[in-house]
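Hi,

Here is the structure I promised to pass on. Please open it first, then read my notes below with the view beside you.

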Amino acid sequence: MLKKSFLTGVIALAFSAGLAAAEPAKVLIPANPGGGWDGAGRETMAAFNKSGVFTDGVSFTNKGGAAGTIGLAEFVRTAEGDDNALLVTGVIMVGGVISNKTPVSLDNTTPLARMTNEYNAIAVPADSPIKTPQDFLAALKADPGALSVGGGSAGGVDHVLLALLAKQAGAPVDKINFVSFSGGEILASLGGGKIKAAISGASEFRDFAKSGRIRLIAVTGPTRVEGLDVPTLKESGIPIEIGNWRGFVGAPGMSEAGRKTWLDRFEKLHASDVWKEALKAHGWEDAYLAGDEFKAFIKAEESNWTTALKDVGILK
Amino acid sequence: MMDILQQLLAGFAIALQPINLFWALVGCLLGTAIGVLPGIGPALTIALLLPVTAQVAPESAFIMFAGILYGALYGGSTTSILLNMPGESGSVMTAIEGNRMARNGRGAAALATSAIGSFVAGTLGTLALTFLAPTIAELAFIFGPEDYFALMILSFTSVAVVMGTSRVRGFTALFFGLALGTIGIDTQTGQSRMTFGTLELLDGISFTVVLVSLFAVGETLYVASRQTRAAGVVYPLKGGAWMTREDWKRSWKPWLRGALIGFPIGSLPAGGTEIPTFLSYTVERRLSEKPEEFGNGAIEGVAGPEAANNAAAAGILVPLLTLGLPSTATAAVLLAAFQNYGLQPGPLLFATNPGLLWGLIASLFVGNVILLILNLPLVGMWVRLLLIPRPYIYGGIVIFALVGVWGLSTSWMDLLLMCGIGLIGYVARVYDFPIAPALIGLILGPQAEIQLRRALAVSQGDWSVLVGTPIAATLLAIAVLVIFLPFLVARFRGAMQESKA
Amino acid sequence: MSSLDQRKAARPWWLGVAVFAMGALWLYGAAGIASTTNYIGLGPAAMVQVAGGGLAILGILLVIQALRGETFAAQEEEGADAAAPPSRSAFLLALAGVAMPLLTMKMLGFPITAMLAFTLVTHAFGSRRTLLDLAIGALIGTFSWYGFELLGIELGPFIPLLR
């Protein structure tokens, strides 16, 4: 009897302590397990814990589909006013909201911080006559149809980059020959010379380029990618900067105190060594941009993408 | 050659360390378990285990992953055979003959030929990986979109042999699969197709949902409505629990042919594991001395596709390890795992980290042995699982189906689809429509369309590109032969008999 | 089964109509897809048209076959007697088990849904031990839920209403 009541006491104590101490974060990942957003979400939260910035625990929910817009809609519907609810977001979602014409957008959320970016690279087969970004533009202008360019899905970052390049070259954007690939097939097609050029994440190309089958001619970030002797587009006189950024937003109607708390946490995380290691381990570029600046950045991205998606004919 | 052998021996020294054997065993068990569950594949499992293994040495982690990769294939065939519920797309063809065998009381023989065939083909595939990888990897650069398209057209010929009793019904199933495959965003243009304005359909209907609904749900509804109330043993064990001498005689050639088909196709970046199983089934049915047994539980129809499936799994490691090129979701996750350890697969890895690489290759051999040892004694136990009273078997199937469908993306739409497509699966059984062509259409349709349109985009709309390479022309010619040869032979025979008479 | 039932079952002309309707739906849907062919020569609508056209033709063929009296015999399944009169109540119970998650999954969560679905299906197969079945269903459901939780996949909240 005594033993039993003692046990109940312990359990009750543990239970109440658990309730009092932890306000765990509820992170919604707008993609199925295993993808880029999933990795970004889980790794960032792990870094929070490891660096000691936020150790109250975390629960993840995966809600994939339609370029993250299904997760976004779910988040806006269910998390209203919850200061501990976070949504992983990124440029793909901005594009998805526009091309799927969803009723909710990132404007309905509380932007917190952009954390990472993965810049793109343009590659050609090793024996291609195209050697510089300017050669690429010239080829695009001369005969856009003859320059088959591989990339990810239509309407994604790769496609939009090609459209921007065509505009820059003065070639008709509706005549570009973009060929969509998924997975590693693009590397084999490029290495085998089936397509004339390809656009993908710089990290996907980087190590394959060492095999000598393909050559990188440009990266799309503001600075060169560490360990890659490849010029940026800007260096080559092409004013284009584009990348696959990812970040976090809070719930609609997040309290000002809650927003401050999370902005503070993200700032501390960004300054920590744990985060620097995580960036390096995953080949992410640091793209920290928080609060109102991040909000303004999202606005700018939305208008850029609307124009770009109209140009490539995805948005009518 | 000697060099490779020496390296391989060094690899075995790593793989056979007790701690690594332990991880191999864990991987094999875990892989078998998830293989049984529809929708939960090796890619997802490895992805979720990535953070956990940060504390483990890379050798041990990859040895465990190899176990998961192979184990999932063994597990997937078990449910195919016993419950007519394939755990993954590579086991769809196994279900056709395997489940018939189980119904005839030959479930143990089907499981055994599948386990041994998997072992033989997995070992042959790993041998080929060991000695031929750099050469085979070159295929990746030779195959263009038109060649893949031709390969898929050839795979479509496998529909002809699983047609069932009526051509019209077989083609209806095929076109049903093709139609489902068009739902979602078209990757080449970004246009949404047949989504009726619902966001949930933009990514298309997931293959797992269709697989689970047509097989597990349709079967449950059908058996429930037509069960005989008489109690009794579910699957009587006739003719012993083991393979007979004749079974061995009929199995060994399909094993070898399956491995021969599976490995090279698996090593192609767009090859996958499904196409080899389709082709292997077609080949076995065409070559069989007892074609009349196909559809009623021919052991060749289990032995061949299972072997092809496992050899293809070894094949997908070829472009990954030699070129650093991931060809399937599983390979992509393995690539991420390598990168987590700061390693980059590719030619350099053989030079910079031979211990890890050869340890991994050796562990593939070890994993196959472990799985064979695990699975053969389990055959008896698995078969006995079927002695569970029928209400509980089907109740359990429905929970498994729910896990697969709901676990995928916790989407209410998927539950609705499960219900609707499950009803279609029921109707198909009532009116004798074959199921396999629908899945073949769903798997191959979108792939064939993408490759066709890629080929045409690169050629700027010139259709002659489709027969423009020797590979494409040859594969298409074989496809035509496979379809029309039986008619010609039959006609020729008929003419012979007439002239005799 | 009366001979009238048998003829009705053997001549599912409505099945052909349904297949035709699906084909027509796909053809209609294809018409609404903007054709951005570019260099491809084949637009996004082409495959939809092929699938829809195929289904429409096959639907007509099925109707013709049914009217001509071709038999559509049920498949023989283990433990399923094709000649036995289909049990409507068992079928409806099993269907209820499959449809149950549509109502309960979002509110009551995976374990309870699994319990209910399991019990309905076991009863469709003739089990009458309701309490035992509920217990087994709850056990398997909870076990699966925790297994996936360990793997890092959440099958939704344990009981959403309580959260």
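Which residue of β7(A) does A121(A) stand opposite? It is S200(A). Before going further, note that this is a predicted model.

**The sheet in chain A**

Strand β4 (residues 110-125) of chain A pairs with β7(A) in the antiparallel sense, over 4 bridges. β7(A) is mostly covered, with 4 of its 5 residues buried.

Now look at β7(A), residues 197-201, from its partner β5(A). These two strands pair in the parallel sense, over 2 bridges. Here V149(A) stands opposite A197(A).

β5(A) also pairs with strand β6 (residues 177-180) of chain A. That pairing is parallel too, and it runs over 4 bridges. V149(A) stands opposite F178(A) in β6(A). To get from β5(A) to β6(A), the chain passes through helix α6 (residues 157-169) of chain A. This β-α-β crossover is right-handed.

What about the side chains of β5(A), residues 148-151: which way do they point? S148(A) and G150(A) point one way, while V149(A) and G151(A) point the other way. All four residues named here are buried.

**Chain A as a whole**

Chain A has 11 helices and 10 strands. Its C-alpha trace spans about 85 × 40 × 30 Å along the principal axes. Of its 316 residues, 51% are buried. Take the contacts in chain A with a separation of 6 or more: 77% of them join residues 24 or more positions apart.

**Two helices in chain B**

Next, turn to chain B. Find helix α5 (residues 92-137) and helix α16 (residues 354-385) of chain B. Two packed helices are described by the angle between their axes and the distance between the axes. Here the angle is about 180°, and the axes of α5(B) and α16(B) are 9 Å apart. An angle of about 180° is over 145 degrees, so α5(B) is roughly antiparallel to α16(B).

Which residues make the contact? On α5(B), they include G107(B), L111(B), F119(B) and T130(B). On α16(B), they include I361(B), F365(B), N368(B) and W382(B). By class, this contact has 15 nonpolar and 8 polar residues, and no charged ones.

**Where chain B touches chain A**

How many residues does each chain give to this contact? Chain B gives 39 and chain A gives 38. On the side of chain B that touches chain A, several helices each supply at least two residues, among them α13 (317-323), α14 (329-340) and α19 of chain B. The largest share comes from α3(B), with 4 residues. The residues on this side of chain B divide into 23 nonpolar, 13 polar and 3 charged.

**Where chain B touches chain C**

This contact takes 58 residues from chain B and 68 residues from chain C. On the side of chain B that touches chain C, helices α8 (167-181), α9 (207-226), α17 (390-409), α18 (412-430) and α19 (436-458) of chain B each supply at least two residues. Which of them gives the most? It is α17(B), with 12 residues. By class, this side of chain B has 32 nonpolar, 16 polar and 10 charged residues.

Best wishes

Key:
Residues are numbered from 1 along each chain as its sequence is written. Chains are lettered from A and ligands numbered from 1 in the order in which they are written. This is a predicted model: local features need pLDDT of at least 70, side-chain atom pairs count only at pLDDT 80 or more; totals for chains, interfaces and linings use all residues. Two residues are in contact if their C-beta atoms, placed from the backbone, lie within 7 Å. Ala, Val, Leu, Ile, Met, Phe, Trp, Tyr, Cys and Pro count as nonpolar, Asp, Glu, Lys and Arg as charged, and the others, Gly among them, as polar. Axes are lines fitted to C-alpha atoms, for helices over the stretch in contact, and angles run from 0 to 180 degrees between N-to-C directions. Angles under 35 degrees count as roughly parallel, over 145 as roughly antiparallel, 65 to 115 as roughly perpendicular and the rest as oblique. A residue is buried if 20 or more other C-beta atoms lie within 10 Å of its own, exposed if 12 or fewer, and partly exposed in between; C-beta atoms are placed from the backbone. Two strands pair if DSSP finds at least two bridges between them. A crossover is right-handed if, with the strands pointing away from the viewer, the path from the first strand over the helix to the second runs clockwise.
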